[in-house]
Amino acid sequence: MELWYQTSIIAHDFISASYWKKNKDAMASIYLPNSETYVAIEDENIIGFISMVENLLAAIFVDNELQGKGTGKKLLNFIKKRRIKIQLKAYMKNTKTVDFYKSQDFKTISKNKEKETGEYEYLMEWTKE
């Protein structure tokens with residue numbers, strides 16, 4: 001939970017930290033337990049995780065200090081081997097993340113305004129060739 005929380009605050013600095021704090025309990029008690037989740041471990045520490053709900057990539061987070069070293073790509077490739085299609089939502093202002101998904105062959109399907117935050121997000125999709 002702490003990895004999700006700390007990474008969310010930094011990656012989504014355009015959204016109030018109180019929003020993430022408010023959703024911490026729901027993430028721990030509802031979202032993660034109802035997801036198919038895999039973790040990346042290094043030296044007995046969780047350094048990242050990916051969570052799926054059917055074909056929706058619900059979460060992928062890597063420790064802020066370890067980003068850019070291939071962990072996110074490894075987690076994503078792990079899931080790609082197990083799916084024919086993956087969809088996800090990414091905030092438009094989170095350009096680092098959007099660019100990462102584009103580099104991993106995700107295509108933008110649509111743009112929507114999220115009601116809770118008022119922020120625009122892309123619906124993106126990857127399909128196995």
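In this predicted model, the charged end of R82 is placed over the ring of F78, at 3.6 Å from the ring centre.

A pair of rings is described by how far apart the centres are and by the angle of the planes. Searching the whole structure gives five aromatic pairs. Among them is the pair of Y38 and F78, whose ring centres are 4.7 Å apart; the planes meet at 65°, so the pair is edge-to-face. This pair joins distant parts of the chain, with Y38 in strand β1 (residues 36-42) and F78 in helix α3 (residues 71-80), 40 residues apart. Y38 is partly exposed, at a relative accessible area of 26%, and F78 is also partly exposed, at 28%. For F100 and Y101, the centres are 5.5 Å apart and the planes stand at 55°, so this pair is tilted. Here F100 is partly exposed at 25% relative accessibility, whereas Y101 is buried at 5%. Together with F106, these two residues form one aromatic cluster.

Attention now turns to charge pairing. Side chains of opposite charge can pair when their charged atoms come close, and four salt bridges are counted in the model. One of them is formed by R83 and E36, with an N to O distance of 2.6 Å. R83 belongs to the loop between α3 and β4 (85-91) and E36 to strand β1, 47 residues apart. R83 is buried, at 10% relative accessibility, while E36 is partly exposed, at 29%. K85 and E125 form another salt bridge, their closest N and O atoms being 3.9 Å apart. Since K85 lies in strand β4 and E125 in strand β6, the pair ties together parts that are 40 residues apart in sequence. K85 is partly exposed at 35%, and E125 is buried at 18%. A further bridge connects K93 with E119 at 3.4 Å between the closest N and O atoms. K93 is exposed, at 52% relative accessibility, but E119 is buried, at 11%.

E114 is located in the loop between β5 (107-113) and β6 (120-127). Its side chain does make a polar contact with the side chain of T117, at 2.6 Å. Leaving aside residues up to four places away in sequence, E114 touches Y19, Y91, E119 and E121.

Note on methods: Residues numbered from 1 in each chain as written. Predicted model: local features only at pLDDT ≥ 70, side-chain atom pairs only at ≥ 80, totals over all residues. Heavy atoms only, no water. Phe/Tyr/Trp six-rings, centres within 6.5 Å; stacked < 30°, edge-to-face > 60°. Helix = DSSP H or I, 4+ residues; strand = E, 2+ residues; numbered from the N terminus. Buried < 20%, exposed > 50% of the residue type's maximum accessible area, 1.4 Å probe, protein only. Lys NZ or Arg CZ within 6 Å of the ring centre and 35° of its normal. Polar contact = N/O pair within 3.5 Å; in protein donor to acceptor, adjacent residues only side chain to side chain. Contact = heavy atoms within 4.5 Å. Salt bridge = Lys/Arg side-chain N within 4 Å of Asp/Glu carboxyl O.
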